[in-house]
Amino acid sequence: MTEAVAHKRVSRRPNRLKLAPWLFLAPGLLMFLIYVLVPIVESFWISFHDWDGLGAMSWIGMGNYVELLDDDTFYVSLWNNLLWLVLYLLSIPAGLAVALFLNQNVAGIRIYKSMFFFPFVISQVVVGLIFTWFYAPGFGPLSVFLEWLTGDEIAILADERYVTYGIILAGLWPQTAYCMILYLAGLNNINSEQVEAARMDGAKGFSMLWHVILPQLRPATFIALVVTVIGSLRSFDLVSIMTAGGPYGSSQVLSYFMYEQALSEYGYRMGYGASIAVVLFLIMMVFITFFITRMLNQERNI
Amino acid sequence: MTPIRKLGGLALSLALLSTSALAGEIVLNSDQSDPAPKKAMEELIADFQEAHPDITVKWNNFDHEGYKSAIRNFLTANPPDVAAWYAGNRMKPFVDAGLFEDVSDVWEENGLNEELKSAAASMTIDGKKWGVPYTYYQWGIYYRKDIFEEQGIEPPKTWDELLAASAKLKEAGITPFTIGTKALWPTGGWFDYLNLRVNGYEFHMDLTSGEVPYTDPRVKAVFEKWAELIEPGYFVENHAAIDWQDAIPHLVQGEAAMYLMGNFAVATMKDGGLKEEQIGFLQFPQINPDIPMSEEAPTDTFHIPSGAKNKEDAKKFLAYLASPEAQTKMNETLGQLPVNNKAEKPADPFLEAGFEMLSEAHALAQFYDRDAAAEMAKAGMEGFQEFMVKPDKVDDILERLEKIRARVYK
């Protein structure tokens, strides 16, 4: 009897070892399933339908995608997303520069640090409003300055040539602060012995930065790259606050276009919105897959 | 309906079940988030409860913008007994989806077909009435009386007089018209009025219900008239960067002299520092003398959702809302015009001018974005905005709109 119980206990243990991690993961996995995976599958499903969100869904196969390929706004959005992607990356060197500048032991540096940190703390909506006023024709500081400089009033947010750049610039402000924080954390972990050794070997200034500091900051750079790329693709709040995609759709990006088609006052084309969501998802997947494989490779090498 | 939406709906209705199942109580959802409309609603509900002591009204007041998306959820998941919305094609999706109740009997029994005659057309779909209107307001050109006097300009009555007045103002260094088109809809007012004057109300309705191609020469004629104001620079610059409120400082500071807007703008102009005697109101000038003058007068309405639990009392509420007494009192607080022709209009020079104008109008349009299907409205107004910046691209714009019309009104 006792032997049998003991035997049972022994045989159960490996099972328990297998089960325990899954039990701990279960709540997270369940959330992931309900709030991430199921909506993705649903979006794919809805994107093959014509649906106003109220009545019955009607199957139209690839109809939404065919329409998307014939939609000028789609190409404007794609192009603007590309602009965002490329220009948003500027926040990484900018963040690094600010971090290097702030990584000194001077009296009062904390105040400067918190001032540079500030734009990341305030909400994107506030950032959007601040920049809208900054650009506002008539009284915005920038437009007053430009008028003084060129004699012509330039309304950045009303001009299709400048509007996207204007919004990206507003986005760079908090994003630079974000990258700066990542780099400041990275700089704290710099191996001072290596820096000493390099200095003895005569490394200074740029060569010190390039050969000694930057390689040690690689993990920070990687994270900064990931958040910046993803952040640029999901740029939404600034576009929504500053221009609502205008003038005449010239500052559209995929995420705002999707919202407008599916959920805004003049939209409620759930199927069409879902098809834009799918395209955006596929574009993001390219980057996410790239980042994850790189991360896994790095972990394996260590 | 997907399972998840069903779940959400179930949870919502469970949470609200205890309140909405009570007999003698009606749940009312609406969006009177500004101070004056909120006060008007509070008074209306208090008066209604006094007149019907056996009925209590449970009022859920929503934020104005949020309401537009909220209504789609609560109409399917947990319909109230009465809901606020708008007339014209704005209510068509809900009528088509079977979410609004036919209230033709309320109209019939209370003599509303006569008393609310001016709004009857915009409340009718498929020969049935789908709600009750309670307020509207006029659109027109508000202008700086003092500037007109200084420049020796008489308020224009015809298109040629308007062009002459604009030229004179421009010469004096004053931009004739202010406008803010960031939120697109002010462009709809311009298009509608030019269209109503060039082609008339019947054409407006045909166009907004998708029966006329945008490449039709009659549509092009509207844009040609518009270009006569845009090309000489009669509109303020950079209007695409500002909202309708931001356009008012131009008027207050005397940089611009006229503003085509709804009557709600008067309050903002006064807040901005204009005195009542500085503001004038004029009807949009005549362009084609053969076309009878029609006006824009967007109408706010109440409806009964088809899933309402207490339809009997909800109908009593609509009947009360339609009565001359209720509309008189409400619109006095709102500073707008009652729809019921037996109601008394508020004593306000602008409303009196508006009332006179609307009562002589050939017909009332609801506004481009309420008469046209939502998707078409958005694309159309985006096109108008582009036209106001680049008038020479008119053919590209019209072709694009035609492509969208062909798809939207299949």
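In this predicted model, strand β7 of chain B, residues 139-144, pairs with β10(B) in the antiparallel sense, and four bridges join the two. Within that pairing, Tyr142(B) has Phe281(B) of β10(B) as its bridge partner. Strands of a sheet pair through backbone hydrogen bonds, either parallel or antiparallel. Both β7 and β10 belong to an open sheet of four strands in chain B, ordered β8-β9-β7-β10, in which the pairing is mixed. At its edges lie β8 (175-177) and β10 (279-282) of chain B, each of which pairs on one side only. From one strand to the next, the twist averages 25 degrees. A helix accompanies this sheet: α9 of chain B, residues 159-171, lies across β8 and β9 (256-262) of chain B and runs at about 145 degrees to β8(B).

Chain B also contains an open sheet of six strands, in the order β2-β1-β3-β12-β6-β13, and here too the pairing is mixed. The edge strands are β2 (56-61) and β13 (337-338) of chain B, which pair on one side only. Inside the order, β3 (residues 82-86) and β12 (residues 299-303) of chain B pair in the antiparallel sense over four bridges. At this pairing, Tyr86(B) stands opposite Asp300(B) in β12(B). Helix α15 of chain B, residues 311-322, packs on the sheet and touches β1, β3, β6 (132-136) and β12 of chain B; its direction makes about 55 degrees with that of β1(B). Helix α2 of chain B, residues 35-51, lies across β1 (25-30), β2 and β12 of chain B, running at about 165 degrees to β2(B).

The account now turns to the contact between the chains. On the side of chain A, 27 residues are in contact with 32 residues of chain B. The size of an interface is often given as the accessible area lost when the parts come together. Between chain A and chain B, the buried area is about 2,600 Å², of which carbon and sulfur atoms give 56%. Within chain A, the residues that lose the most area to chain B are Leu54(A), Tyr248(A) and Tyr266(A), together accounting for 33% of what that side buries.

Five salt bridges are counted between chain A and chain B. One of the salt bridges in the model joins Glu260(A) to Lys378(B), with the closest N and O atoms 2.9 Å apart. On the side of chain A that touches chain B, the elements giving two or more residues are α1 (2-46) and α12 (237-242) of chain A. By class, that side has 13 nonpolar, four polar and ten charged residues.

Over all chains, the structure holds 29 salt bridges. Among them is the one between Arg269(A) and Glu67(A), whose closest N and O atoms are 3.0 Å apart. This pair links distant parts of the chain, 202 residues apart: Arg269(A) is in the loop between α13 (254-263) and α14 (270-301) of chain A, whereas Glu67(A) is in helix α2 of chain A, residues 63-69.

Conventions:
Residues are numbered from 1 along each chain as its sequence is written. Chains are lettered from A and ligands numbered from 1 in the order in which they are written. This is a predicted model: local features need pLDDT of at least 70, side-chain atom pairs count only at pLDDT 80 or more; totals for chains, interfaces and linings use all residues. Side-chain values use heavy atoms; hydrogens and water are left out. Contact means heavy atoms within 4.5 Å. Buried area is the accessible area (1.4 Å probe) that two parts lose on being put together, summed over both. A salt bridge is a side-chain nitrogen of Lys or Arg within 4 Å of a carboxyl oxygen of Asp or Glu. Ala, Val, Leu, Ile, Met, Phe, Trp, Tyr, Cys and Pro count as nonpolar, Asp, Glu, Lys and Arg as charged, and the others, Gly among them, as polar. Two strands pair if DSSP finds at least two bridges between them. Axes are lines fitted to C-alpha atoms, for helices over the stretch in contact, and angles run from 0 to 180 degrees between N-to-C directions.
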